[in-house]
Amino acid sequence: MRNITKLFPGVKALDNVNLKVRKGEIHALVGENGAGKSTLMNVLSGVYPYGTYSGSIFFEGKECIFKGIKDSEKTGIVIIHQELALVPSLSIGENIFLGNERAKRWLINWNQTHMQAAELMKRVGLRESPATLVKDIGVGKQQLVEIAKALAKNVKLLILDEPTAALNEKESENLLNLLLELKKEGITCILISHKLNEVLKVADSITILRDGRVVETLDRHKDDVSEDRIIKGMVGRELTNRFPERTRKIGEVIFEVRNWNVYHPLIEGRKVIKDVSIKVRKGEIVGIYGLMGSGRTEFAMSVFGKSYGKHISGQIIKNGRELVLNSVRQAIENGLAYVTEDRKSAGLILIDDIKRNISLASLNNISKNLVVDENREIYVAEEYRRKLNIKCSSVLQKTGNLSGGNQQKVLLSKWIFAKPDILILDEPTRGIDVGAKYEIYKIINNLAEEGKAVILISSELPEILGMCDRVYVMNEGRIVGELDREEASQESIMKCIMQSIKEVV
Amino acid sequence: MQTIKDVFKNNIRQYGMFIALIVISIFFQILTDGILLLPQNVTNLVLQNSYVLILAIGMTLCILSGGNIDLSVGSVSAFIGAIAGTLIINMKMDVGLTIFICLLIGIAIGIWQGFWIAYLRIPAFIVTLAGMLMFRGLTIAMLKGLTLSPFPEEFQRISTGFIPDVFGGFGTKLNITALVVGAIISIIYVILQFKKRAEQKKYNFEVIAMPLFIAKIVLVLAGINLFAYWLAAYKGLPIIFVLIGILVLVYSFFTTKTVPGRYIYAMGGNEKAARLSGINTNKVLFFTYVNMAFLAAVAGIVFAARLNAASPQAGINFELDAIAACFIGGASAYGGVGTVSGAIIGALVMGVLNNGMSIMGVGSDMQMIIKGFVLLMAVAFDVLSKNRARV
């Protein structure tokens, strides 16, 4: 790609970008949110058709003029977006050949569809029946279906946008290994990722983008490539510490959950949370480490006013007094806040502006006799915009137009404004770039310093190790270990999980 | 200080339909040789559309709560009309008591439908489609397929009466009461505007420039008083105007300024997020449907009074008029976006089209085609302008 420039109204999203990808390599594209990675890939794959940008694209020596995705796919360039493009209610086989049906004229050849689907699924290591519905398999497997779909189109250049964002560690590893396999078959791959350890593991070259410009392209086999070097390129400055320092002032136990049991809301008799007990002290950041499906989100939501599950039993004790929280309202009134892991679909109202999102959980604090004081609302929103450094044109901006990091800050503002004593943060830095992560960590530290108790749920080990005073390890709906800051390490945490698996077997 | 350009840019979508309403009015004013805006016709126009205006208010809330619509309102209105007819005409019951009973029955119907929609989560479309059939059937059964008529004058006055002129006209042909009411509203408006401005200044917010502020007030005052003059030149202030005016004010205030109003928007914007913010979304949804049925009862009474009859055929297609008014007025079919005032403007657009074309002698076939086309264009304009804003 040569001299690509793409303008959006008011912004230069890409500024004279040159990108060279060699045949058969895995080329990683890294950069903060808004650096232009996705825009660049959308240009390459024809999402933004020829003519809406300037510059030129060459593929296998020929200049490409893509009028749409169909054109780029014909050439062998396939993009897999972060939000998967699968139809949940159709089978794996149908999805693999969606828009590319095995058919004679209008008649679909089902035998051929299933046979070829099975072949492709074998190639990507997906052990399911082609007739299984996509909604019945996990995100990790859905990702594999997407890749199989790309292979069905005879892909030569595969573009993956944050493929592991929603996957757990095991699934991510499988996926990365698959990419290495595909590389052996001669398929070129462009990988967009925030997870630098993954990038370092598989990439042959790494291009760093910042503010729509290429900072540099590194060759892993020639240059000295390290995470620090990449981060420096991404944020344009040296990040000496990825986790900010904090003065620890840990007080009394303020919040405790005892013998918590929760059953699945739909599947009768399936226990999701088994006898979980945790406690948090004032000013303490307690981590709950667990992979997706370990029950951490289910646990947090069931504590937060029974927003998940049924037949919930157990005790919640705050300041020595037992609480019965039957609704989210009660939970909020008793000083709890739960910041969801899924900010887009469960956290923010994307069509509403920043101020309305911030005030939503505590409208009673800015209203008199049920009448909202809108001036006060703007005032509060401005205050948090300043405090948390939310980058926006004004607090009247729609949250849907903000970057991930800023959306997360709005979500945090909303819950800080609810004035809780205990904050449960579920994956607060998912899908956020390094710079914004650092800012979020600082906010979390400030909260702890103010004496609030913070429960930090995360599946990123470095984050847990860097931030928490104490760590609970969760697996299969159980707490399988509790480690102090000193004891906690990658090895000790993994050991807890491995041991628990052995015990169950 | 905000300039005129900022004000326009920020409010173009809000004012877009209002401007369209004025343009359409002027268009028909010319085509009908000035009949459209005669004082008598303006009064008639609002009277004719009173039921749509009332229903559109409730429908806005339903649509806001998540793109739900209520298909049963036409049948419910007819059913309430039938009850009013039976009680007053057949059983000679007191008018005031009858109205009270009718409103209670409206609320009961809302509780019935709201229960299925909000607590059992049967899609609103299905529940109200069922309601549409059931209440139409009940209406016909109750009236035995016949039209009940006439109502006593006391009841008719709801739709056809005017606020009596307490000042006696001072020898002019004008209704002074209407003018006085216009003046009072003007004074209240000015006071509220200045209070709002002072409040904003207290918080150090940007306010619009003073000349612009004055210009806006003058424009609005001119509008209010011109309208009052127009009413005064005919028979004065119709009772139904007062009723609709109060409903519009109360519901506008409710949706934009109060906490429960916010909850409706939040629920339509993102129900999951609303629930995790401590909003009882079932209760919100339940309330919107109880409220809708209550307003359908009001509309039913108003319509029966206007028709001076309880007819088994009353209220057919009311729901569609109300839904169309909301969407023309800028409500989003996905919920979370829309305003009561928008729906009122939407209803008036439809009303002016109807009335203007009727005066011109356009056949009802042609009228339907044009109304349908206007609905499509209004929503298409909305969707396309939103798409352009996004790119």
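This is a predicted model: local features need pLDDT of at least 70, side-chain atom pairs count only at pLDDT 80 or more; totals for chains, interfaces and linings use all residues.
## Chain A as a whole

Chain A contains 17 helices and 24 strands, and its C-alpha trace extends over about 70 × 55 × 50 Å along the principal axes. The radius of gyration of chain A is 24 Å, which agrees with the value near 23 Å that a compact globule of 505 residues would have.

Of the 505 residues in chain A, 46% are buried. When contacts in chain A between residues at least 6 apart in sequence are considered, 68% of them join residues at least 24 apart.

## The contact between the chains

Chain A contributes 26 residues to the contact and chain B contributes 21 residues. On the side of chain B that touches chain A, helices H8 (176–202), H11 (259–269) and H12 (271–276) of chain B each supply at least two residues, and H11(B) gives the most, with 5 residues. By class, this side of chain B has 8 nonpolar, 8 polar and 5 charged residues.

## Helix H10 of chain B

The buried residues of H10(B) are Ile240(B), Phe241(B), Ile244(B), Tyr251(B) and Thr255(B). Seen down the axis of H10(B), these buried residues fall within an arc of 115°, so they line one face of the helix. Their cover includes helices H2 (39–48), H3 (50–64), H7 (153–160), H11, H13 (281–307) and H15 (340–360) of chain B, whereas the face of H10(B) turned away from the buried side carries the exposed residues Ile246(B), Leu249(B) and Val250(B).

Notes: Residues are numbered from 1 along each chain as its sequence is written. Chains are lettered from A and ligands numbered from 1 in the order in which they are written. Two residues are in contact if their C-beta atoms, placed from the backbone, lie within 7 Å. Helices (H or I, at least four residues) and strands (E, at least two) are DSSP runs, numbered from the N terminus. Ala, Val, Leu, Ile, Met, Phe, Trp, Tyr, Cys and Pro count as nonpolar, Asp, Glu, Lys and Arg as charged, and the others, Gly among them, as polar. A residue is buried if 20 or more other C-beta atoms lie within 10 Å of its own, exposed if 12 or fewer, and partly exposed in between; C-beta atoms are placed from the backbone. The arc is that of the directions from the helix axis to the C-beta atoms. The radius of gyration is taken over C-alpha atoms; the globule rule is 2.2 Å times the number of residues to the power 0.38.
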